[in-house]
Every structure is written in structure tokens, then in C-alpha cells.
Number of protein chains: 2
Amino acid sequence: MFETDVYIRRRRVLLEKMADTAAEGKRGIALFIGNADAPQNYRGNDYKFRQESSFLYFWGIDEPGFAATIDLDNGEECLYGNDVDIDDIIWMGPQPSVSSKAARIGAGKSAPAAVLDTFISHSVSQGRTIHFLPASRYYNTMKISSLLGIPAEDVRKTAPAAGRGKAASASEELVKAVVSMRLIKEECEIEEIDKACEIGYLMHTEARKGCKPGAKEQDIVGRMEGVTLSKGWGVSFTTILSQNGETLHNHSHHQIITPGRLLLVDAGAESNTHYASDFTRTYPCSGKFTQKQRDIYDIVESCNELAFQMAKPGITYRDVHIATARQMLEGLKSLGLVNGDTDTMVSEGIAGLFQPHGLGHNMGIDVHDMEDLGENYVGYDEDQTRASQLGLGSLRMARRLRPGHVITDEPGIYFIPALIADWKKNGTDKGMVNYQKLEEYYDFGGIRLEDDVLITADGARRLGPHRLPIKADDIEEAMRTE
Amino acid sequence: MFETDVYIRRRRVLLEKMADTAAEGKRGIALFIGNADAPQNYRGNDYKFRQESSFLYFWGIDEPGFAATIDLDNGEECLYGNDVDIDDIIWMGPQPSVSSKAARIGAGKSAPAAVLDTFISHSVSQGRTIHFLPASRYYNTMKISSLLGIPAEDVRKTAPAAGRGKAASASEELVKAVVSMRLIKEECEIEEIDKACEIGYLMHTEARKGCKPGAKEQDIVGRMEGVTLSKGWGVSFTTILSQNGETLHNHSHHQIITPGRLLLVDAGAESNTHYASDFTRTYPCSGKFTQKQRDIYDIVESCNELAFQMAKPGITYRDVHIATARQMLEGLKSLGLVNGDTDTMVSEGIAGLFQPHGLGHNMGIDVHDMEDLGENYVGYDEDQTRASQLGLGSLRMARRLRPGHVITDEPGIYFIPALIADWKKNGTDKGMVNYQKLEEYYDFGGIRLEDDVLITADGARRLGPHRLPIKADDIEEAMRTE
């Protein structure tokens with residue numbers, strides 16, 4: 001948890017931003033529903049508690065069962081939650097009171113949880129607008145649906161709310177205000193992301209050391225995740241560790257490390273304050289790349305480096321994505337896998353066959369930062385439209401870069417037999433892909449290389465105190481001596 | 001996943017049990033909703049998938065987004081789920097078809113997910129009874145609520161369903177049938193529980209080795225949980241590892257191991273097939289118990305042993321709980337902490353001040369097995385009523401023991417200052433507690449010792465191939481040499 005002032009300042013800025021959305025007296029209420037415990041197999045055996053990210057950002061409280069409101073017309077704030085009784089003390093231990101928790105974050109008022117219901121229904125009856133963020137979890141969806149008497153499916157839609165009374169869906173004004181704040185990381189946030197990156201460095205080091213022929217994938221994953229739990233909150237997303245790297249989000253770990261294959265490891269940690277890291281490395285299971293593997297590896301590595309060199313205030317990340325796609329296609333052309341005019345291949349989206357995902361995404365309290373608020377609100381400027389091409393269309397962060405943005409730089413090349421067959425059948429490549437040559441790569445797998453990057457005043461900095469080895473020679477050297 | 005026959009047999013037995021609930025033609029439909037992915041901080045960044053336990057038991061499929069029905073009148077079964085498309089293959093890899101998944105578990109038919117909605121609404125319009133289990137997760141609650149058009153809160157209530165048409169709440173008949181089956185473990189289940197216990201043994205061994213003055217609690221927890229992820233699915237519940245063992249479910253791990261204190265570790269693992277283990281040990285942080293600690297420790301250990309010796313077919317676990325309470329009170333009396341006639345102390349529930357929880361619970365696919373189906377259906381015979389006393393009232397398993405029951409044996413003694421103050425203020429002890437002497441124990445913490453036990457044909461067996469050291473001497477010896 002940060003200092004009290006951090007939360008006071010954030011809510012004051014939010015109040016100012018929301019003041020622009022309507023005349024005084026017409027602004028309404030901003031409503032924040034914190035997360036409840038999420039049952040794993042039954043109620044009471046819950047997943048490890050994770051607070052709703054915007055609730056954490058504005059209210060700091062990292063416990064289930066809280067909610068909060070800001071009256072956007074008079075600035076009055078209230079934190080809602082219940083004090084513990086003797087039964088709670090037996091099971092959970094003594095707890096500070098809700099009013100002392102409110103004081104810790106500088107919130108003016110606190111009240112028992114049930115007061116929220118009466119406050120909202122009273123405000124609705126007065127015709128006041130209730131602004132809320134789109135709910136991610138089913139609990140929050142049900143809670144907002146019941147507070148406002150609107151269908152659950154509408155709680156996840158976003159539309160302008162001002163002047164509409166109680167609001168029939170999530171508030172676009174509130175989403176935009178929150179996104180504009182959370183996108184630009186504060187110093188205290190960057191420190192936490194650096195910590196998460198150091199845990200990520202340690203977990204990936206464990207993975208690289210574990211990558212030996214005969215080792216079990218599941219065994220390596222367990223040791224990596226153990227590091228994240230020893231040093232921080234845990235993983236920032238389900239670990240991807242697979243010799244089938246061509247499957248982008250492969251969560252099965254039942255294989256044995258086999259010489260000659262590649263092991264793709266995409267994993268990150270969440271710090272104890274819930275900031276994320278997210279790194280990918282790809283290792284030769286034998287400890288040494290074959291020439292064929294190294295040719296592809298070096299293309300991906302050069303794209304990772306190019307993106308980092310280009311990343312600075314003023315350029316759009318869409319343009320950086322396209323520049324890496326161009327470089328990737330030139331590399332693949334030199335290997336005879338594609339052919340044709342590079343400009344044409346770029347504009348026709350041929351790179352999407354090899355990299356059917358975007359170059360990167362925003363990262364912060366969420367590993368895909370604020371994805372629940374809507375990818376286009378988060379990753380696209382107001383004058384940008386999202387492409388439909390495979391690859392570029394999946395780009396989660398296309399905005400013009402600004403100091404304080406934290407983004408991932410994660411190019412990849414994959415050989416996905418089903419996708420190649422699909423393109424071949426449909427002629428998607430317009431004659432620019434060498435399918436015969438590609439057949440030699442059907443069992444190749446995939447390579448992805450990812451770092452986390454902060455946009456600074458005049459360039460960019462890779463986050464975390466240590467960078468994981470990434471050059472092919474450095475990887476082999478590390479694996480040789482471990 | 002077990003062999004196909006296991007699932008076919010289980011569903012056949014269920015069909016037979018449900019046949020007793022109504023005349024042919026009036027039995028209706030049994031509806032099973034598998035779990036969906038549970039968003040952690042946003043949709044797409046999900047908690048590690050855990051299937052709904054009864055779905056796993058009858059249908060075996062360990063993936064999100066499935067549902068199934070059994071027509072209780074004609075025995076027709078159907079598995080509902082969607083086949084993957086090219087986008088899914090890019091992200092998740094190639095997947096077997098839903099129809100081949102149905103064949104794997106011997107289910108007669110399969111259909112796309114949307115067919116469930118029309119099948120249920122058609123069945124409802126024909127006046128057929130829809131039997132379902134009470135939902136634990138918010139997703140399943142919403143899904144059943146929307147399928148049947150009943151309020152979400154009713155989806156979690158249980159009442160007789162037969163002859164009622166579509167059913168306005170969960171089906172007591174189905175709950176009782178499922179409980180009667182899952183309570184008695186099959187051979188293949190016991191093998192899996194033995195595996196989970198071995199992982200639990202390894203994780204606890206890691207904890208004991210890590211318990212050294214100066215170590216960080218969080219560091220130990222991470223290494224323990226790493227073991228469960230390397231060897232199995234993960235933890236079967238959030239690990240309790242605390243020097244404040246007097247807080248029964250203490251999930252904070254921010255302290256440093258301090259000489260003179262006790263470290264209570266209550267933790268278990270889930271096997272890759274989702275069977276649980278659950279063990280508790282309590283260690284002297286210095287490596288050696290003080291005399292005061294050892295006096296209490298030995299009482300708890302003797303209660304653990306007594307329960308194991310008594311556990312066999314024919315006795316109720318309620319009687320075993322009471323026998324251990326008696327033994328505990330006699331031990332505390334010899335230390336001068338309580339005084340009075342032992343029978344009176346037992347009947348007045350004085351042991352509840354020291355052990356405000358039950359002696360144990362059922363364990364299986366859930367660590368508190370089937371808790372979502374209702375504790376009283378699971379842990380109490382039809383002729384037993386639940387006590388209201390602190391301690392005995394929290395007993396989750398009171399039934400007459402039968403071969404195939406898997407239960408925990410977990411007595412504990414805690415010194416909870418807030419609870420002691422509460423009893424003192426209210427005179428709950430009726431003069432039988434020596435509060436002055438108790439003051440010396442306010443900083444003692446708590447001790448709990450737990451094993452997992454299978455009821456056999458003529459007695460009981462502790463589960464798992466290895467038993468964690470439990471005798472005070474053995475603990476000290478292990479800690480001395482590690």
C-alpha cells in the first residue's frame with residue numbers, strides 16, 4: 001500500500017476530470033465495487049484474493065467485501081465495509097476497524113456495507129447519474145445489476161452516462177478518466193513494476209536452469225511459481241511453458257524436455273502490491289540452437305531490439321509494430337519462406353501468418369493493463385481505428401507513446417500448421433508465402449522474446465534491475481555453465 | 001482422468017438412486033453445469049481453471065464451458081460444449097472434438113453449448129422437473145438462474161424438487177444421491193488421495209526444513225506451494241502458515257520466524273486429478289519446544305492419536321470428537337487451566353474455548369468434501385442434529401463411520417485473547433476456567449495436528465505412504481538434523 005497522499009491525490013484528480021463531463025449538480029456519483037472472495041470449488045475454499053484493480057488504484061484496500069463512492073458534485077467520499085465480530089476474530093484474527101481503514105487512505109467517511117444499497121437507491125430516486133466501471137467478475141456484475149436494477153449483460157457494456165439518470169450500462173466518462181490516469185505511471189508505481197520485474201527475472205532464471213533434457217515441464221513450472229510466491233503475490237498470469245510454443249497460450253505442462261526442441265517460457269510475477277511483470281524467453285532444449293532455430297531466433301531478437309530502439313515519446317506503437325513486421329518479413333524472405341515486395345507484404349499483413357498477435361500491450365496493476373475497461377479505450381487514441389488484419393488487429397497497444405507508458409515488447413515467429421493450412425486453402429497470402437519450404441517448419445514450434453519497457457522523457461528504459469540474457473550466444477553460454 | 005467405465009458406472013448408480021425419488025415418467029432431468037473460467041483481475045486473465053467437483057466426478061472433463069444432462073426417465077445423457085475454431089487453435093492449440101470427449105467418458109450424446117438452453121426450456125414447458133445441485137460460483141448461479149428463470153438467491157437453496165415442475169431451488173433428492181456416492185470413496189479415488197497425501201508430505205517437509213529463526217514466512221510458503229505445483233495441481237486450499245496459530249485461518253505471511261514462538265502450518269495439495277490432502281503440524285521456531293509448549297503439544301498429540309485409535313466403522317465421529325474433547329479437558333485440568341468435574345465440562349462445551357472448531361471433516365475431490373452441497377447433508381446422518389455449542393457446533397463430520405469414508409483428524413488448542421475475554425465477560429465457562437492462569441498463555445499462539453484418515457473394513461488407515469513426524473521428540477530430532 002502506498003502513502004495516504006497517493007490515494008487522496010488520485011481521487012482528487014479523478015474528481016477534476018469527471019467535473020468536465022457535466023455541469024455542477026448534474027455530475028452524479030462514481031461507484032466502485034471491490035472484489036469479493038471467488039469460490040474455487042466451493043464457497044469458503046476461495047482462490048487467493050485479488051482486489052479489483054481500479055479499486056486498488058483509488059482506494060488501496062486489498063481485502064474482500066468493500067465498496068466506495070465519490071459524490072462528483074460535492075466531492076464527498078465514503079468507504080463501505082463491515083467491522084468484524086467475535087466469530088471473525090476466531091477465524092481471521094483481530095482486524096482494524098473500517099473507519100480506521102478509511103482514515104488510512106484519506107477517505108472522509110465510512111459506513112457498513114448495507115448503507116451502500118440505501119445510498120444508491122436514494123440517489124437513483126433523486127435522478128442522479130451513477131457512474132460505474134464495466135464489471136469483470138460475475139460477483140461484481142450481479143452486485144451492480146442488483147443495486148441499479150439493470151440486466152447483468154448491460155453491466156459489462158460501456159456507453160456515455162452523463163445526464164442519463166441511474167445509468168443503464170458502464171460509464172464511458174468514468175472509463176476514459178480512469179484510463180487517462182492509470183496509463184501514465186507514477187514514480188511509486190514504476191518502483192513497484194521494477195520489483196515485479198526482478199521477481200520475473202528470478203523466476204525465468206529458474207526456468208532456464210531447469211531446461212535440461214529429461215526434466216518435466218510441470219516440475220519447472222512449479223519451481224518458477226514457487227519463486228513468485230516466495231518473493232511476491234504470485235504469478236501475474238497463468239504461466240506459459242511449452243515445447244509447443246506455436247500455441248500462443250499453451251497452459252499444459254505434461255511433457256518431458258526433449259533435446260532438439262525449443263522451450264518457450266512466457267511468465268511474470270505480481271509484486272505484493274499487485275504490479276505486474278511479463279517476460280518471454282525461448283530456450284534450445286539441448287542447450288544449443290540448431291542453425292535452423294538460430295536463423296529464426298535471430299530475426300525475432302532483432303525485432304525485439306528494433307522495437308526498443310524505436311520506442312520513445314511521439315511515435316505510435318502501431319508504427320513500431322509495423323516496423324517490426326517489416327523487419328520480420330525481410331528476415332523470412334532471406335530464408336526463402338516468403339517472397340514478394342516487402343511493402344506489399346507488409347500492407348497485406350503477411351506477417352500475421354507468423355505472428356498472429358500484436359507487438360505488445362500496456363502493463364501495470366494488470367498484466368494487460370485495464371483490459372477489463374475495454375481494449376480500444378486503453379490501447380487506442382481517439383483518432384486511431386483498430387485494424388482487422390490477423391496480427392495487427394490483435395495489437396492491444398497502438399497509441400502514440402508518452403512518458404510514463406509501460407508496455408511490453410514481444411515479437412514472435414510461430415509455425416502453426418492449422419493456420420498455414422487455412423491460409424493455403426483460402427489463398428490469404430496472395431502468392432507471397434512459400435508453402436513448400438514452410439513444410440520443413442511444421443514441427444518447429446515457436447519463438448517469442450519479450451521485455452517490459454518504460455517510456456521516458458526522451459526514449460525508453462527496460463524495466464527491472466537485471467535483463468534476462470536474450471542474445472542467442474548469451475543464452476547458450478548461460479545454459480552451458482548452469 | 002479415470003477409465004471410461006468409472007464414469008459410466010457412477011452415472012448408472014446415480015440414475016438408479018434417482019429412480020427411487022418419483023414414479024417413471026415423473027423423474028425429470030438432472031442438470032450439471034461445469035465451471036467457466038473465473039476472472040482474476042479481468043476477463044481473460046483467469047484464475048487457474050478448477051472444474052466443479054460433482055461435474056468432475058460424473059463427467060470427468062477438466063475444461064471450462066461444459067454442461068451435461070441425464071434424462072432420469074429414459075437414461076439419455078448429453079454433454080454440451082463447443083468445438084474449437086481456427087482462432088481457438090492459434091491460442092489454445094488443436095483440441096479433440098466434443099463428440100470424442102463425450103465418447104471418452106461414455107456419454108451417449110453431445111451437442112453444442114446453445115442446445116442446452118433449448119433442451120431445458122423445452123423440458124420446462126413440458127412440466128418436467130429439473131434437478132440441479134446448489135451453485136457455488138457466481139457464474140453457475142447466473143447460468144442456472146437464467147436457464148430456469150428463477151432468482152439467483154434461490155439457486156443456492158436446497159429443497160425437495162420432485163413433482164414440482166422446473167424446480168425453484170436446488171434439488172434435495174439430487175444432493176442426497178450425490179452425497180451418498182461421493183462419501184464412500186472408490187479404490188481409484190483412494191489411490192489419488194494417497195498421491196495427494198504424498199505431495200502434502202513433501203510440502204510439509206519443505207516447511208519444517210524452512211522453519212529456522214530469521215527465515216521469512218512468505219519465503220517458506222512460496223517454496224511449499226512450489227512443490228504442490230511441481231508435483232500436482234497446486235494447493236488444495238490457501239496455505240495457513242503462521243506464528244499466530246491462534247487465528248484459525250490466518251493467511252498473512254509477513255512475519256519473520258522468531259525463536260521461542262510456534263509455527264503452525266496447515267496446508268495440503270491437490271493431485272493432478274483433483275483429489276485433496278490436508279495436514280497440520282506445529283513447530284517450535286527454535287527447533288526445541290519449551291516445557292510450557294510441550295505440555296500443550298503433548299495433549300493435542302494424544303487427542304490426535306486417540307481419534308485415530310477410535311475411528312472405525314460403527315462409531316459416530318461426533319462421539320470421537322467428544323472423546324477427544326474429554327481428553328483435552330483432562331490434560332488442561334492437570335495444567336490448572338480448567339477445573340471442575342470432567343463430565344460437566346464436556347457437556348458444557350468448555351473445550352470450545354480452546355478448540356472452537358470440529359475434530360475433522362470429510363475429504364475427497366474437495367478438501368472439505370462437498371461443502372457446497374450443504375454441510376448438514378454431507379456430515380450428518382438423518383437422525384443427527386447439529387449442536388449449537390462453540391466447537392462441537394462447528395463439527396463438519398458427525399456421521400456414523402463407514403468403510404470408504406475419508407476424514408481428517410485435527411484436534412487443536414488455541415489461546416485466543418478476544419475469545420477468552422468474551423467468555424470471561426459473559427460467564428460462559430460457569431466458573432470452570434482459570435482465567436488468571438490463562439493470562440500466562442495470551443502470547444502462546446495455537447497448536448493443531450492433523451492427519452488424513454481412511455475408514456477401512458475394520459479400522460482406519462492414515463493416508464499417504466509417509467507420515468509426517470508428529471511426536472514432539474521426533475519433531476525436535478528432525479529439526480536438529482535438517
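How many residues of chain A are in contact with residues of chain B? In this predicted model, 65 residues of chain A are in contact with 65 residues of chain B. The area buried between chain A and chain B is about 5,200 Å², and carbon and sulfur atoms give 57% of that area. Three residues, A:Y42, A:W91 and A:Y138, supply 15% of the area that chain A buries against chain B, more than any other three residues.

- Two salt bridges are counted between chain A and chain B.
- In a salt bridge, the side chain of A:K231 meets that of B:D219, at 3.4 Å from N to O.

**Elements on the side of chain A that touches chain B**

- The elements of chain A that give two or more residues to this side include the strands β2 (39–42) and β3 (45–46), together with the helices α3 (86–92) and α6 (138–148).
- The largest share of this side, nine residues, comes from α9(A).

**Aromatic rings**

- Over all chains, the count comes to 25 aromatic pairs.
- One of these pairs joins B:Y57 and B:F58, with 4.9 Å from centre to centre and 85° between the planes.
- This pair counts as edge-to-face, because the angle between its planes is over 60 degrees.
- B:Y57 is buried, with a relative accessible area of 1%, and B:F58 is buried as well, at 0%.
- In chain A, one aromatic cluster is formed by A:F32, A:F55, A:Y57, A:F58 and A:W59.

**Lysines over ring faces**

- A:K292 lies over the face of A:Y441, at 4.7 Å from the ring centre.
- In chain B, B:K292 lies over the face of B:Y441, at 4.7 Å from the ring centre.

Technical notes: Residues numbered from 1 in each chain as written. Chains lettered and ligands numbered in written order. Predicted model: local features only at pLDDT ≥ 70, side-chain atom pairs only at ≥ 80, totals over all residues. Heavy atoms only, no water. Phe/Tyr/Trp six-rings, centres within 6.5 Å; stacked < 30°, edge-to-face > 60°. Buried < 20%, exposed > 50% of the residue type's maximum accessible area, 1.4 Å probe, protein only. Lys NZ or Arg CZ within 6 Å of the ring centre and 35° of its normal. Contact = heavy atoms within 4.5 Å. Buried area = accessible area lost by both parts, 1.4 Å probe. Salt bridge = Lys/Arg side-chain N within 4 Å of Asp/Glu carboxyl O. Helix = DSSP H or I, 4+ residues; strand = E, 2+ residues; numbered from the N terminus.
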